[in-house]
Amino acid sequence: MSDTPTTSAPAADTARVEREARRDDRPGRLALLRSSTGHNLGLIVALGLLCVVGVITAGDRFADIDNAMTILRLAAVIGVVSIGMTFVITGGGIDLSVGAIVALSSVWCTTIATQTMANDNHWLVMVGAAVLVGGGCGLVNGLLIAYGGVVPFIATLAMLASARGLAEIISERRTQIVSVPAFSDAFAKEPLGIPIIVWIFILVSAIGWVLLNRTTFGRRTLAVGGNPEAARLAGIDVKRHTVLLYVLVGVCCGIAAIMLVSRTTTGSSTHGLLYELDAIAAVVIGGTLLSGGRGTIIGTVLGVLIFTTLSNVFALNNLSVSAQSVVKGLIIVVAVLLQQRLARRSDVT
Amino acid sequence: MSDTPTTSAPAADTARVEREARRDDRPGRLALLRSSTGHNLGLIVALGLLCVVGVITAGDRFADIDNAMTILRLAAVIGVVSIGMTFVITGGGIDLSVGAIVALSSVWCTTIATQTMANDNHWLVMVGAAVLVGGGCGLVNGLLIAYGGVVPFIATLAMLASARGLAEIISERRTQIVSVPAFSDAFAKEPLGIPIIVWIFILVSAIGWVLLNRTTFGRRTLAVGGNPEAARLAGIDVKRHTVLLYVLVGVCCGIAAIMLVSRTTTGSSTHGLLYELDAIAAVVIGGTLLSGGRGTIIGTVLGVLIFTTLSNVFALNNLSVSAQSVVKGLIIVVAVLLQQRLARRSDVT
Amino acid sequence: MRGITKRFPGVLALGGVDLDVRRGEVHCLLGQNGAGKSTLIKVLSASYQPDEGEIVWDGESVRLTTPVAAMKRGISTIYQELDLVPGLTVAENVFLGHEVSAGGFTRRGEAADRSRKLLTRLGHGEIDPGRLVGDLSPAGQQIVSMARALSHDTRLLVLDEPTAALDQEEVRNLFRVIRDLSAEGVAIIYISHRLEEIREIGDRITVLKDGRTVATGLPARETPTADLIRLMTGRSIEYVFPPRPERPRDTGTPVLEVRGLAGAGRFRDVDLTVHAGEIVGLAGLVGSGRSEILETLYGARRASAGTVTVDGRKLRRGSVRAAVAAGIGLCPEERKSQGLLLDQAVYRNVTVSSLSRFAKGGFLDSGAERRRAGELTESLDVRPEGVDRAVRTLSGGNQQKVVLARWLLRECRVLLLDEPTRGVDVGARTEIYNLVRRLADDGVAVLVVSSEVEEVLGLSDRVLVISDGTVVHEGPATDIDESGVLDLVMEGDVA
Amino acid sequence: ACTSNAREDSSSDSGGTSNADKGSNDEAGDKVVIGFSAPAADHGWMAAITNAAKDTADNYSDVELRVPAGTNDVNLQISQVETFINDGVDAIVLLPFDGAAMTPVALKAMQAGIPVINVDREFDDPNAARVTVLGDNYGMGVSAGQYVCEQVGDDKNAVVAEIAGIDSLPLTQDRSQGFKDALAECGQNVDNRVAADFTVEGGEKAASNLLQAAPKIDALWNHDDDQGVGVLAAIKNAGRDEFVMVGGAGSANAMREIKSGNSVLKATVIYPSTQGADGIKLARLLVQGKSMSDLVEVEVPRTIQLFAPVVTEDNVDDYLPSAFES
Ligand SMILES: Nc1ncnc2c1ncn2[C@@H]1O[C@H](COP(=O)(O)OP(=O)(O)OP(=O)(O)O)[C@@H](O)[C@H]1O
Ligand SMILES: Nc1ncnc2c1ncn2[C@@H]1O[C@H](COP(=O)(O)OP(=O)(O)OP(=O)(O)O)[C@@H](O)[C@H]1O
Ligand SMILES: [Mg+2]
Ligand SMILES: [Mg+2]
């Protein structure tokens, strides 16, 4: 508060500004592009390697359009959940309850009551039920986290227990078989030779990409995840936005539940077991920051495809689930370590 | 305000300081004590309520020394894991792999090779094997996290997949039966009418309490969890300490594995399923901060007892596991919301 | 627009403050650290809700419930802590919260154009709106913050210490913009600790002290400096530096000896020595690398070359533990994030580096800990007393004393002080100066980094001037004055 | 009093065990408290086990059944049995998650004088149970294998596939062993094998990959009809129908599928879901000191192994009424 060092201070800044300008020439727009495609490129290379292994070990059985469809069908359900998870994680949260929500939605939309209504009216009733239940669970999560101040990990852990319990109670632990022919027919179609659920996956990914990269909602998600205080000061209703994010992932779970119902022709409280871990793994491998503020839909899709292709290659080679589990763990660690190394290198040079 | 430079300095602060002093008289030693016992008191009241419910609904079948032992035996295994988890969480981390490590340790210490050695030498060989395997997995976790820079969630997620996969491979997915009579005999004892595994739980809790509250290790854990950068600059080897924390929880998992092996006379890759979620729930309910820097062993023990008693009361009353799951979710949320409310109130007044 | 009255007794940061700002004027807010300036403007921008008091805007009493409501009224704020999202681009940050969009879809081209215009108006058309804000320098980020504030239809612009990260050219630029705005009738609230800026740009001054208005409506150009300081501090003093003891220099081997220290890309060839009982100051520009030198010789950063010797023994590189074991202690620049365990008790913060001293076989004697920490904090006059109080509840100056107490307890041989009085108000500063000198007299070797040249010169026995990562001058503090130091750093920069 | 209901107990139809239409055995006797513990009812067969046990108990006025939550955590299941021991129930019917893991606590119960009826998954110590009611897992595999042999004949190039349940369970290993042994009889072997987890979703996933791995299949055995719902969905998705599929367990759903005749599912091997109910009945007889009146024995036998018949379109009507709804 003295008046002497005053002139020195601003002058003193010149050097730094310039030096930083020098240092920062690099990570301009181009570099960013480079680094993010760089990351995706890494994932594509990994996927490519997996495919090469698949072709070598399983030959035509792997390199086959039907097999590609098999992989995509397998990827579709967990893929849709992972897209939702990408938003939540980018927004600085986490959702452990996705698998349980999938189970609850699948059960709810296949109860006798729902199916009767669907038969009487339209099969979309079932879709509506699943999406509403999913969104509702997400809403509860979101309210607890944003307004109740419960940390996401705990709030969604509680939802995990409750939603699966509820699914078991409603279904009485029975597998509920779909007997709405219109529903089954609608999902049996294969426009352009591609199964409906794969179309849904493609559609959800595309919408997710646009939503994250091209809309105010997406930009605000990055802001909320990257610096919630700044977002608040910028006039973003951070709490409401957080609620929306959890509703979004809930809706994705509802969609995934419908896909699973159509695929297995059943609703069951055992659907979606451990989806939370698979989805989080795919999202993180994809390059979304677990601490929020950076997210990539393309990365997530690639992450999902890598894990699905992995299990396909293992199955084609008659390898055990156990070995697959070990390899999966290794892939996660290696991928994250590599990402870190790359990030560091681009920092230093 | 005085005019002399030296004395005036504090004087400049006086107003604010006084204001704060007024606000802060409370959180002196006594208040600190009060608030933490306050929290534990809350847990004790909750446990008491559960017991009252138990007595009302199940009468003597609940209020019975044998039933108390049943509860304690059930609590012992997950309890030991939770004690370890308390340290990791207090130190600012998390461990999702505890269940998988329990499985791997249980399998490793019951392989034919280990059992042959145990029969030839001493049953402690099995204990050694379990503890070493547990500690080893913890070491890998710790190194990845501290030196590899992988976030704890991801590193231990990878370990979760790998360790359980490995357990399945080693055991070939078979249940391995213990045929070391000396081992079984040692654990069949009930000194003072209390089963060995309950003694182990008591012992581990006591050691955990002393370690966290009365040793330099515990103090450093709080520092590392509270502000890792400050801890590092204060001369604490944060990385090494982090590794030690994960080794510690790994060793706890090894001990838990031995307890489970003695209780079931088997090692199996299905042991310890979902222990990670149970342990985290117990730790958080107990009052340990998920973000690190504050931890309580007594709270954790109470948290474990609450969940175990809950499942006991449900069992005595023929209630379904689904309802229990729902209630568990509700308890977690209500407990955390209440803690928050209490914390806020003690902040404001 | 007049008559803003505000009371904010929640944390009692503001105890009934009056402030009135007129159309088209530049109104300066003055006050010590913690006087409540930032809190006041956060209330004004509806980032905090007041517990009492009212805001009168254009003659009518308004309730601003959200930051958006304030923005709608035309109140734009540039906060002291930069309020940008590093992961978003410049354009996205500028329009965060009021995105240029059509039906929810961002219109990136238009947003880029408009932010380019705003940046040009601020004299920084060269900043690419598509760049990530995290990649910009602090100065660049400050510009983005300005652009952000101007992106609204602003009638009242609040600037909380906007010049802290700017150089002279930038400041001139900023002032030009401010003058333009006030000519357009926009009211400005300007917060700064730099009095001469206030004289240059301000119209009227309001002085806050301890959350109360002690003077308002003072003419910015005419009010004497001494009056302002008296108003802010409640007394009339300048810094008082303790006298330097007269004694022969460079006796014996130095306690701390640094040879050829370099940190990758940041600084190089740093040689320095500190003797027992000596205070050595490192002067230089903000960002010249002084903190990094300190942290590197402390082992907290990896050195790419060079050696550090304490009492003739070479230290292992890159190990804080080795440094601490050898008797070095560091009071870091960012006290809260680097120095303290804010939620833990005072005594634990004091003893954290000397735990083994209170431990037998790893078991702590916390009674002894409390006693010893109590003695130390008492001798340093840490207020309020009580070693079980969470450090968070102490004021900045007292927190700094807690960090000092930590190293006193360790009886360290070398004390590294990085900006020891940052965020500490005038009175407490003097105390800290005296304390540091006392330590030196007890035989500790002290190395001080401060951005305030006056402080470095006044406190040190010997001064090293750092410019762009190299030592450009070394000599007794009495042989050089402020303008000398400034010349040196400028030359060093040109070279 | 409740004799009329006893006939509906399907064990008489499918298992061929105790078959007392009327007689002294079903007359009410002393009150019997029975503890029943089973793994989590996380798939149809397991849910049916528990439900059948509960229904059977409800039919006896002299039986009080205690059924705590089903669980896959052996630690918790052990504590449930401990609770039974504490309560001093008259008998325990135990379907362990893992037979070996539950052996010590079962032994403890027996030592405490409480007869334990071991159902489905066998203990590793014969002293741990008074009566053991076993489905014939090995026999199930054999039945399935023999049926497959009939279908593919001695075509040396026939591709036989297998979708197992949870691999870590001994019962899965027994089934697979039986299947393998029976196939060996006719010179066949398992060409492709995957394991699911008894859930519909798991069945669907495993089958999707399996179908891809084996472009042409002649016969497929799926261990469990509940996961079979998912397997059939996957087959339909893949548009495959060149093979015959054999199911396992015998859910009503699978039988309807067989009956319809237009599914790849041509047969299923029954694994009675009424074992738990049999266990309840046996427990009651034991405690009341009765015997199985169709046998000459004065005591309840020590081991009862149920039969694993093959259900095809020809005999499906005999079995459908007693099949479990999953
Ligand atoms: N969120 C908060 N919670 C508790 N106390 C706070 C909070 N924000 C500010 N304070 C306290 O309120 C007082 C006023 O702080 P404020 O930031 O307004 O000071 P300032 O005048 O801007 O100081 P500086 O010159 O350092 O920026 C300080 O004692 C500060 O510690
Ligand atoms: N972790 C980092 N990553 C990138 N740049 C950094 C990092 N730390 C410091 N810098 C940059 O290195 C230069 C030297 O910083 P340093 O903090 O040592 O300067 P200083 O002289 O202490 O200035 P100040 O008074 O601001 O602390 C600055 O340009 C700073 O922005
Ligand atoms: Mg301020
Ligand atoms: Mg610095």
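Tutor: Start with one pair of residues: C:V207 has C:A215, in β12(C), as its bridge partner. This is a predicted model, in which local features need pLDDT of at least 70, side-chain atom pairs count only at pLDDT 80 or more, and totals for chains, interfaces and linings use all residues; side-chain values use heavy atoms, with hydrogens and water left out. Residues are numbered from 1 along each chain as its sequence is written, while chains are lettered from A and ligands numbered from 1 in the order in which they are written.

Strands (E, at least two residues) and helices (H or I, at least four) are DSSP runs numbered from the N terminus, and two strands pair if DSSP finds at least two bridges between them.

Now the sheet around that pair. Six strands of chain C form an open sheet in the order β6-β9-β10-β3-β11-β12, with mixed pairing. β6 (75–78) and β12 (212–219) of chain C are at the edges with a single partner strand each, so one side of each has no neighbour in the sheet. From one strand to the next, the twist averages 15°. Helix α5 (residues 138–150) of chain C packs on this sheet, where α5 touches β6 and β9 (156–160) of chain C, and its direction makes about 175° with that of β6(C). Such angles run from 0 to 180 degrees between N-to-C directions, with axes fitted as lines to C-alpha atoms, for helices over the stretch in contact. Contact means heavy atoms within 4.5 Å.

One residue of β11(C) deserves a separate look: C:R204. C:R204 has a relative accessibility of 11%, so C:R204 counts as buried; buried means under 20% relative accessible area, exposed over 50% and partly exposed in between, using a 1.4 Å probe and protein chains only. The side chains of C:R204 and C:E25 are joined by a polar contact of 2.8 Å. A polar contact is a pair of N or O atoms within 3.5 Å; within protein, one must be able to donate a hydrogen and the other to accept it, and residues adjacent in sequence count only if both atoms are side-chain atoms. Leaving aside neighbours within four places in sequence, the residues in contact with C:R204 include C:D20, C:H27, C:G217 and C:L218.

Elsewhere in chain C there is a metal site. The magnesium ion (ligand 4) is coordinated by C:S291 (OG), C:E333 (OE) and C:E333 (OE), at 1.7 to 2.7 Å. C:S291 lies in helix α9 (residues 290–297) of chain C, and C:E333 in the loop between β18 (328–331) and α11 (335–339) of chain C, so the pair ties together parts that are 42 residues apart in sequence. Donors are N, O and S atoms within 2.8 Å of the metal (3.2 Å for Na, K and Ca), and water is not among the atoms, so sites may look incomplete. C:S291 itself is buried, at 17% relative accessible area.

Chain D has an open sheet that can be read like the one above. Its 6 strands have the order β2-β1-β3-β4-β5-β11, with parallel pairing. Here β2 (63–66) and β11 (303–305) of chain D stand at the edges, each with a single partner strand, so each has one side without a neighbour in the sheet. The twist averages 15° from one strand to the next. Between β5 (residues 131–134) of chain D and β11(D) there are 3 bridges, and these strands run parallel; D:L134 is paired with D:Q305. Helix α11 (residues 275–287) of chain D lies across strands of chain D that include β1 (32–37), at about 150° to β1(D).

Finally, take a helix of chain D, α9 (residues 225–238). Its 14 residues should span 20 Å at 1.5 Å a residue, and its end C-alpha atoms are 19 Å apart, which agrees; the expected span is 1.5 Å times one less than the number of residues. Of the 14 residues of α9(D), 11 are buried, so α9(D) is largely enclosed by the rest of the structure. D:D224 caps the N-terminal end of α9(D), with a side-chain oxygen 3.0 Å from the backbone nitrogen of D:D226. Just after α9(D), D:G239 has a positive phi of about 65°.
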